[in-house]
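Take the residues one at a time, then the rings, then the helix pairs.

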Amino acid sequence: MRLFLLTVLTMIAFAANSLLNRAGLAGEYIGPAGFALIRVVAGALMLWGLLWAKARQAPPRPSPDWAAVAGLVAYLVGFSFAYVALDAGLGALVLFAGVQITMFVGAILGGDRFPARRWGGMVVSLGGLAYLVWPGQAQSFDPWALGLMALAALGWGVYSLIGRRASAPLAATAWNFIYAVPLVALAAIPFVWGEVMTAPGIGLAITSGAVTSGLGYALWYHVLPALGASTGALAQLSVPVIAMLAGVILLGEVLTLRAVLASALVLGGIAIGLLPRR
């Protein structure tokens, strides 16, 4: 039960992170480069402060896990830049489908074996997600934005796969963020000067980095060793549903029959894939 509650809390953090990102970029309070840079700096500062408070001294600097750092950077930069040129629903579909494929393939290559019902649950959930978020009208797809979102999916999938072996989740997440700061800055700074940056946008980016990213990702690394790759991948499909429900409750968005049916498919698929056979 404790693992289930922590996993639910992690998914809520991910959904909140999505809402903060959408509010900042779609509301034109801040640009994608500025959001990504402030987000990673805020996350690094928050996590460094927690490490310092825990040890009562400056924590020792470990060697970087460059695969994890690269995955985190690819996700942070790819997601922010793709979001402004891609429909939010289609972006969510590309992101979560890509994460599923990356983590399932990674689990197989790592020697994991899981039952057919888990594959079936993934297919049902992805079908429900597609029904939930697919744009309601025809639109042109920006290939660069699709590529960036696919890169973000690959990065997050790799980052999550590496998290299965995290023995010190807080420290691992903190140093991943710290090592990611100069790389995100290198990608973001050339674009920051031409972007809008308002106080509300900065506040949203700080909240996203310090709370829903920094603390949320540390919690993710805490639960992943117990969840495993395929279970963790499936659990993440609940994030768009949680974000949609939060929009209904907090933002007064309309709950449609399509959303209800799609959410039932997503959650039903997760249940098929994760519940014991009996």
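Is alanine 180 buried or exposed? Alanine 180 counts as buried, because its relative accessibility is 0%. Buried means under 20% relative accessible area, exposed over 50%, and partly exposed in between, with a 1.4 Å probe and protein chains only.

Some ground rules come next. This is a predicted model, in which local features need pLDDT of at least 70 and side-chain atom pairs count only at pLDDT 80 or more, while totals for chains, interfaces and linings use all residues. Residues are numbered from 1 along each chain as its sequence is written, and side-chain values use heavy atoms, with hydrogens and water left out.

Back to alanine 180. Helix α7 (residues 169–192) holds alanine 180. Helices here are DSSP runs (H or I, at least four residues), as are strands (E, at least two), numbered from the N terminus. Leaving out residues up to four places away in sequence, alanine 180 touches Val40, Val69, Leu72 and Val73. Contact means heavy atoms within 4.5 Å. Glycine 127 is 53 residues from alanine 180 in sequence, and their C-alpha atoms are 34 Å apart in space.

Now go to helix α1, where leucine 20 sits. Leucine 20 is buried, with a relative accessible area of 16%. Beyond its neighbours within four places in sequence, leucine 20 contacts Phe35, Leu204, Thr207, Ser208 and Thr212. Arginine 56 is 36 residues from leucine 20 along the chain, with 32 Å between the C-alpha atoms.

Methionine 103 lies in helix α4 (residues 88–109). Its relative accessibility is 0%, so methionine 103 counts as buried. Not counting residues up to four places away in sequence, methionine 103 touches Gly157, Ser160, Leu161, Ala229, Gly232, Ala233 and Gln236. The C-alpha atoms of methionine 103 and alanine 185 are separated by 27 Å, and the two residues are 82 residues apart along the chain. Glutamine 236 belongs to helix α9 (residues 229–236). Glutamine 236 is buried too, at a relative accessible area of 2%. With residues up to four places away in sequence not counted, glutamine 236 touches Met11, Phe14, Phe96, Val99, Met103, Trp156, Ser160 and Trp220.

Next, the rings. Rings of Phe, Tyr and Trp (its six-membered ring) pair if their centres lie within 6.5 Å; planes under 30 degrees apart count as stacked, over 60 as edge-to-face and the rest as tilted. By this rule there are 16 aromatic pairs. In one of them, the ring centres of phenylalanine 14 and tyrosine 217 are 5.8 Å apart and the planes are at 75°, so the pair is edge-to-face. Phenylalanine 14 is in helix α1 (residues 2–26) and tyrosine 217 in helix α8 (residues 199–227), so the pair ties together parts that are 203 residues apart in sequence. Phenylalanine 14 is buried, with a relative accessible area of 9%. Tyrosine 217 is buried as well, at 2%.

Tyrosine 217 also pairs with tryptophan 156, and that aromatic pair is tilted, at 4.7 Å centre to centre and 50° between the planes. Tryptophan 156 lies in helix α6 (residues 143–163) and tyrosine 217 in helix α8, and the pair links distant parts of the chain, 61 residues apart. Tryptophan 156 is buried, like tyrosine 217. Ring pairs link Phe14, Tyr75, Phe79, Trp156, Tyr159, Phe177, Tyr217, Trp220 and Tyr221.

Last, the helix pairs. α1 and helix α3 (residues 66–83) pack at about 45°, and their axes are 10 Å apart. Axes are lines fitted to C-alpha atoms, for helices over the stretch in contact, and angles run from 0 to 180 degrees between N-to-C directions. This makes α1 oblique to α3. Angles under 35 degrees count as roughly parallel, over 145 as roughly antiparallel, 65 to 115 as roughly perpendicular and the rest as oblique. Asn17, Asn21, Arg22 and Leu25 of α1 meet Tyr75, Phe79, Ser80 and Tyr83 of α3.

Helix α5 (residues 116–133) and helix α11 (residues 257–274) pack at about 165°, with axes 7 Å apart. That makes α5 roughly antiparallel to α11. The residues in contact include Gly121, Val124 and Gly128 of α5 and Ala262, Leu265 and Gly269 of α11.
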